[in-house]
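Subject: Structure handover

Hello,

Here is the structure I promised to pass on. Please open it first, then read the notes below.

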Amino acid sequence: MVSAVPRLVIAAPSSGSGKTTVATGLMAAFAARGLAVSPHKVGPDYIDPGYHALATGRVGRNLDAYLCGPELVAPLFLHGARGCDLAVVEGVMGLYDGAAGEGELASTAQVAKLLRAPVVLVVDASSQSRSVAALVHGFASWDPGVRIGGVILNKVGSDRHEALLREALDSSGVPVLGALRRAEQVDVPSRHLGLVPVAERRAAAVDAVAAMAAQVVRGCDLAALEALARSAGALPAGSAPWTPASPTHHPTPSAEERGERAAEEREVVVAVAGGPAFTFSYAEHTELLAAAGAEVAVFDPLRDERLPDGTAGLVIGGGFPEVYAAELSANEPLRKAVADLALSGAPVAAECAGLLYLCRELDGRPMCGVLDATARMTERLTLGYRDAVAVGDSVLAVAGTRMRGHEFHRTVVEPGAGAAPAWGVRAPARRVEGFVQQGVHASYLHTHWASEPGVARRFVERCRTS
């Protein structure tokens, strides 16, 4: 039964403790044992799921209680875990850290409780010995609803150091399920927005994941970890897998009505930007587009000089266009094709990186010129959840539609909003942002369409009629 899938949440007291190394290595180690492993990531992170996918051979999926609401966490988990033997969920930040000013909302702890999953706490032990027991005791007792089933000690200096740590934890009631040596840390390069995505370093990323798995196999009790995962009970009664299919049911139509509907609902091609410059996307977006009747065609703006044949709509998600500005600019035939498509009134949905690509220029280099705006890199990081409402009608939503989003960038677009803005942001500060013009909806906000399935259906319908 899918609701009883064995599962673990990998958490830590703080960022930088080694969650990604342990979670990814554990996924790969279990997969190497012949288990079908379902990979998940708490929060809006797009990069870690790429490493999870390499480790498991399955799509990495996000569980975000802010973007999608707590009520969708279990259904989205079950959707991803279909057919799997075991699931591993990598947490975000510290175990109890969530959306600013929102209590436990969107924290790893909240997701663990919603999934009724045991937590494995990864502790950076590099600068402590006996104090580790006090730290673990505090985390284990803070919220009785969170079950910490074990500890993995990370960055352990020596056999003697490990012995001291284990001795200190003997009386904590929380078993030590692994100890990873400091000298064996896996080097995964980072830059201004975190780890370098898998798509940009495929061969090196494969080697990194293999090294993570080897490290976990050497230092962790895999049998005990699997037994802990199997101790997770069933999810709350009534939990069912999320589905991208339309929840709207219609009476059985007549033959004539079926013919008319088939014409109205003919499959249309929606081009989706991919490749190293546009790696930020949620798997559910393409699933929703396909369920709405779209043929999803992925293309690479760095290499492809034209849009896929028959393109009726375009989706450009997030990524790192600033890193590839020269190459994107040099692909003039595709820039012109994108501009011509937008000028024709076809639906175009762009988020963050896609917004930059549609601007007149990025760091002085010509881009598509769809928007009368310029973009440039800055030193300032813009990061955080946003509560937004659609200012007017667009290809994605009708005026007044409320959605939650996330911003994560070190760029600025000037002006920040067009004559018809995309969103009115209500938190943390009131402002308008983004651009709506003809069929274009461009914004810095990353949104999760599973929270509002009508977005994908509306977009595909506009592709049919534009």
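Let me start with a helix pair. Helix 1 and helix 2 (residues 48-56) pack at an angle of about 20°. Their axes are 8 Å apart. Axes here are lines fitted to C-alpha atoms, for helices over the stretch in contact, and angles run from 0 to 180 degrees between N-to-C directions. That angle makes helix 1 roughly parallel to helix 2. (Under 35 degrees counts as roughly parallel, over 145 as roughly antiparallel, 65 to 115 as roughly perpendicular and the rest as oblique.) Helices (H or I, at least four residues) and strands (E, at least two) are DSSP runs, numbered from the N terminus.

The crossing of helix 1 and helix 2 is right-handed. (Right-handed means the near helix is turned clockwise from the far one by less than a right angle; anticlockwise is left-handed.) Helix 1 brings T20, T24, M27, A28 and A31 to the contact. Helix 2 brings D48, Y51, H52, A55 and T56. Contact means heavy atoms within 4.5 Å. By class, five of these residues are nonpolar, four polar and one charged. (Ala, Val, Leu, Ile, Met, Phe, Trp, Tyr, Cys and Pro count as nonpolar, Asp, Glu, Lys and Arg as charged, and the others, Gly among them, as polar.)

Before going on, a word on the source. This is a predicted model, where local features need pLDDT of at least 70 and side-chain atom pairs count only at pLDDT 80 or more, while totals for chains, interfaces and linings use all residues. Residues are numbered from 1 along each chain as its sequence is written, and side-chain values use heavy atoms, with hydrogens and water left out.

Helix 1 has another partner. Helix 1 and helix 8 (residues 222-230) pack at about 95°, with axes 12 Å apart. That makes helix 1 roughly perpendicular to helix 8. Here L26, A29 and F30 of helix 1 meet L222, L225 and E226 of helix 8. The contact has five nonpolar residues, no polar ones and one charged.

Now the cores. In soluble globular proteins, nonpolar side chains tend to be buried together. The largest nonpolar core in this model has 114 residues. F77, L115, L225 and L289 have the most contacts inside it. Helix 1 (residues 19-32) gives the most to this core, with seven residues. Apart from it lies another core, of 38 residues, among them A342, A350, Y357 and V440. (A nonpolar core is a set of buried Ala, Val, Leu, Ile, Met, Phe, Trp, Tyr and Cys residues joined through side-chain atoms within 4.5 Å. Buried means under 20% relative accessible area, exposed over 50%, partly exposed in between, with a 1.4 Å probe and protein chains only.)

What does L289 touch, not counting residues up to four places away in sequence? The list is V270, V272, A294, V296, V315, W449, A456, F459 and V460.

Some single residues are worth a stop:

- A74 is in helix 3 (residues 73-80). A74 is buried, at 10% relative accessible area. Beyond four places in sequence, A74 is in contact with L114, L115, L235 and S239.
- T374 lies in strand 16. T374 counts as buried, at 18% relative accessibility. Leaving out residues up to four places away, T374 touches C359, R360, E361, V412, V413 and E414.
- S394 sits in the loop between strand 16 (374-390) and strand 17 (402-414). S394 is buried, at 6%.

Last, the backbone. Most residues other than glycine have a negative phi, and most peptide bonds are trans.

- R116 has a positive phi, near 50°. R116 is in the loop between helix 4 (108-115) and strand 5 (119-124). R116 counts as partly exposed, at 47% relative accessibility.
- Q438 also has a positive phi, near 50°. Q438 is in the loop between strand 20 (435-437) and strand 21 (440-443). Q438 counts as exposed, at 58%.
- E414 and P415 are joined by a cis peptide bond, with omega about -5°. P415 is in the loop between strand 17 and strand 18 (423-427).

Best wishes
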